[in-house]
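Dear colleague,

I am passing on the structure that follows, together with some notes on what turned up in it. Please look at it first and then read on.

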Amino acid sequence: MEQVRLGTTGMRVSRICLGMMSYGDPASRAWTLDEDAAEPIVRRAAEAGVTFFDTADVYSNGVSEEVTGSLLRKLFARRDDYVLATKVCLPMGSGPNDRGLSRKHIMASIDASLKRLGTDYVDLYQIHRWDNETPIEETLEALHDVVKSGKVRYIGASSMFAWQFAKAQHVAELRGWTKFVSMQNHYNLIYREEEREMIPLCLDQGVGLIPWSPLARGMLAGNRGRGGERRTVRSQNDAYGDSLYTDDDFDVVDAVQEVAGERGVTPAQVALAWLLGRPGMTAPIIGATKLTHIEDAIAAERLELDDKEVASLEAPYRPHPIRGHS
């Protein structure tokens, strides 16, 4: 698998990032796999050349980080052979300081994440969302100190408004603090609102794009049907996904299926190939609960769509309200 630079940094990552949210405590979500069930999937990804893995403290309330750390230690001979990303912000408890981007929470969270992951450092430490209650100056200085301590190599951001990201980058540059090198935003064939402001900003500033939900929570792969039909365990237990997409979006799904049929490939491969061909795209973050999900991602990296196919995939798009910032 091709290895590319993350934005303008010198760090190289695989063109596919494996999202580890699906691995952890099965009691947390019906579709979550425990470590034993996840191992063959993660192993196949590593064998295929995936070196980039993304998790978060909040996934399975920390168990995803534990599983991630354990699996990566089994599958890679050296810590430097893979790039590990995790996140901070969302609630990890009921206490008033168990969430957000305060200095207190960031400092406590990085130590807790490192302990669960069983490593001395995280390659990419991301703010999971914007914190309206904490001054961005406080957040950025804390993140800068975490980088200078050696516990984190780079910092990244996730879904927010472009003006917020621009403000954060400006403050960091003004103060001489560490700037964000990546943006993990909500972006796929069904939801393209990021093309209006965030993606142009990232392209201009050399920020790497590592979008979440590249298959629209599986909708582009066919896990849902019109009229509320649910075809998988994941789609039957994904209220958040239900809030992001509607029946109007199935026109895009139909276009994906048509191109896939003509090519003799799966819809997932087509949707991922489209995303991989977008300007500035570093590595979409895929979720995989079956080996076939990994095989689709591997094949998508090699699949090149022509201009006519791209136009047909993009034609049915309808504008959406902003979704995915919370």
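At what angle do helix H2 and helix H3 pack, and how far apart are their axes? Before the reply, please bear in mind that this is a predicted model, in which local features need pLDDT of at least 70 and side-chain atom pairs count only at pLDDT 80 or more, while totals for chains, interfaces and linings use all residues. Residues are numbered from 1 along each chain as its sequence is written, and side-chain values use heavy atoms, with hydrogens and water left out.

Helix H2 (residues 63-75) and helix H3 (residues 103-117) pack at about 45 degrees, their axes lying 7 Å apart. That angle makes H2 oblique to H3 (angles under 35 degrees count as roughly parallel, over 145 as roughly antiparallel, 65 to 115 as roughly perpendicular and the rest as oblique). Helices here are DSSP runs of H or I with at least four residues, and strands are runs of E with at least two, numbered from the N terminus; axes are lines fitted to C-alpha atoms, for helices over the stretch in contact, and angles run from 0 to 180 degrees between N-to-C directions. On the H2 side the contact (heavy atoms within 4.5 Å) is made by Glu 65, Glu 66, Thr 68, Gly 69 and Arg 73, and on the H3 side by Ser 113, Arg 116 and Leu 117.

A search of the whole structure gives 5 aromatic pairs. In one of them, the rings of Tyr 187 and Trp 274 have centres 5.7 Å apart and planes at 55 degrees, so the pair is tilted (rings of Phe, Tyr and Trp, the last by its six-membered ring, pair if their centres lie within 6.5 Å, and planes under 30 degrees apart count as stacked, over 60 as edge-to-face and the rest as tilted). This pair links distant parts of the chain, since Tyr 187 lies in the loop between strand S8 (180-184) and helix H6 (198-205), whereas Trp 274 belongs to helix H10 (residues 267-276), 87 residues apart. Tyr 187 is buried at 2% relative accessible area, and Trp 274 is buried at 3% (buried means under 20%, exposed over 50% and partly exposed in between, with a 1.4 Å probe and protein chains only).

Elsewhere, Ser 60 lies in the loop between strand S4 (52-54) and H2, and Ser 60 is buried, with a relative accessible area of 7%. Lys 115, by contrast, is found in helix H3 and counts as exposed at 74%.
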